Amino acid sequence: MAFDPCALRPLFPILSQPAYDHPLTYLDNAATTQKPIAVLEAIQHYYSTANANVHRGSHYLSDRATNHFEQARTSLANFINAPEHSHIIWTKGTTEAINMVAYGLEHLLEKDDEILITSLEHHANLVPWQQLAFRTGARLRVIPLTSEGDWQLEYAHYFTDRTRIFAATQVSNAIGVHPPLQEMLALAKQYNAYTLVDGAQAIAHYPIDVEALDCDFYAFSGHKMYGPTGIGVLYGKSQALEVLIPYQTGGEMVHHVAYQATEFNVLPYRLEAGTPHIEGVIGLAAACEFLQSQDRAELLKWEQHLASYTYQRLFKVGGIDIYSPEKGTTLVSLTVPNIHTMDLNSYLDSKGVAVRAGSHCAHPLMAQLGIAGTLRASFACYNTLEDAERFCDALIEAIEILADD
Ligand code: PMP
């Protein structure tokens, strides 16, 4: 492999510290990624040179802050190939973006309308729709996995004349599966449903082109793509954003206010009430720049290589149930019969290996798989083959020790 992750590691200062006298092996990237110096510096630079509230002031610093803030919106639009900067709405993250859409579309839903999701969804792309269904009398329908255990979805019959909203993840955070998104989105369009893609797990790994996807909404979080926490994006087509009832009201999102009525602002401000997370926006634009400065195809190939290397090594060991696909994904999700994933997690942690054990905010998916949770190792561009090996070595050791208990 030509790609060398060691060249990237000095850009991520957190990775050079030990964890309990072991090298820190950070494989919890699906939960959150580490941040490159460029992101940290962009935030510090903003506070050192341009801090002021945006849009409101008419002074030097406010203009600077507003320029940086709006340039960041343009950067994000370019990053996902959105046609206009006004298609980018700043949110706290994926969760807030999806809630914004679920709240904003409520006025269009009637009793017995259908909201369709897949069985791969994170709670963030499930609970808001479930609650919307409860409030409106609509039905939440879930596309199941096939009974063959091959992680395919039996989707065709689930789209009906009553499907008003279709929401699906691009990549499962729990088991790394990619649903047939393009085909499902095309079907949803045939039935004139609004479509939302949860891009939380895709954004760091895959170049995203919202025009090619042709979805109405696309949601993602900055912290999963080397950016800060507390900032994310809701992309929407103009017509789709226009129909959303603002989920929050107050300052910034208004054009004119009288006691009798309020005239809302134009997009994107109409959906951004209050002072925004300015330094988060600046940091997120720096994260985009970091990713765009890399050969993204090479990064992806490397991350997939690490995942399939880990898969193959563990598969050879035997006695491990692996739930993620062997190829094409950037994480490995597994269980070991008769050993609790939390016990495996604790052992790995004691060796400096950070992974995640549990249901990964996907209780219904775990129930379908008949398990309580999995142990998940998820890779990012700065992970090395040694990271994958340390994970495998520590896991194999843990199994030997814990199996004897
Ligand atoms: N969807 C998916 C697929 C996720 O992995 C996550 C985060 N684990 C979310 C939604 C929620 O993201 P956030 O917590 O950043 O809002």
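Mentor: Contact means heavy atoms within 4.5 Å. The model is a predicted one, in which local features need pLDDT of at least 70 and side-chain atom pairs count only at pLDDT 80 or more, while totals for chains, interfaces and linings use all residues. Residues are numbered from 1 along each chain as its sequence is written, and side-chain values use heavy atoms, with hydrogens and water left out.

Trainee: Leaving aside neighbours within four places in sequence, which residues is T384 in contact with?

Mentor: T384 is found in the loop between β17 (374-378) and α12 (385-404); helices (H or I, at least four residues) and strands (E, at least two) are DSSP runs, numbered from the N terminus. Its relative accessible area is 4%, so T384 is buried; buried means under 20% relative accessible area, exposed over 50%, and partly exposed in between, with a 1.4 Å probe and protein chains only. With neighbours within four places set aside, the contacts of T384 are P5, C6, R9, W302 and L306.

Trainee: Is S62 buried or exposed?

Mentor: S62 belongs to helix α2 (residues 60-79). Beyond its neighbours within four places in sequence, S62 is in contact with A52, N53, H55, R56 and G57. Its relative accessible area is 0%, so S62 is buried.

Trainee: How are the buried residues of α5 arranged around its axis?

Mentor: In helix α5 (residues 181-190), the buried residues are L181, M184, L185, L187 and A188. Viewed down the axis of α5, they fall within an arc of 160 degrees, so they line one face of the helix; the arc is that of the directions from the helix axis to the C-beta atoms. An α-helix has 3.6 residues a turn, so residues three or four places apart point the same way. The arrangement asked for is thus one face of α5, within an arc of 160 degrees.

Trainee: What covers the buried residues of α5, and which residue just after α5 takes a positive phi?

Mentor: The cover includes β5 (114-118), β6 (139-143), β7 (163-169), β8 (194-198) and α6 (210-213). Just after α5, a positive phi of about 60 degrees is taken by N192.

Trainee: Against which elements do the buried residues of α4 pack?

Mentor: Helix α4 (residues 127-136) has P128, W129, L132, A133 and T136 buried. They cover an arc of only 140 degrees around the axis, which puts them on the same side of α4. The elements against which these buried residues pack are α3 (94-104), β5, β6, β7 and β8.

Trainee: Where does A219 lie, and how far is its C-alpha atom from that of E289?

Mentor: A219 is in strand β9 and is buried, with a relative accessible area of 0%. Neighbours within four places aside, its contacts are T94, A97, I98, V197, D198, G199, A200 and V233. Although A219 and E289 are 70 residues apart along the chain, the separation of their C-alpha atoms is 19 Å.

Trainee: What is the relative accessible area of D214, and what is that of N338?

Mentor: Most residues other than glycine have a negative phi, and most peptide bonds are trans. D214, in the loop between α6 and β9 (217-221), has a positive phi of about 60 degrees although it is not a glycine; N338, in the loop between β14 (331-335) and α10 (341-350), has one of about 70 degrees and is not a glycine either. D214 is partly exposed at 36%, whereas N338 counts as exposed at 83%.

Trainee: What is the omega of the cis peptide bond between L267 and P268?

Mentor: P268 is placed in the loop between β12 (262-264) and α8 (278-292). The bond that joins L267 to P268 is cis, with an omega of about 5 degrees.
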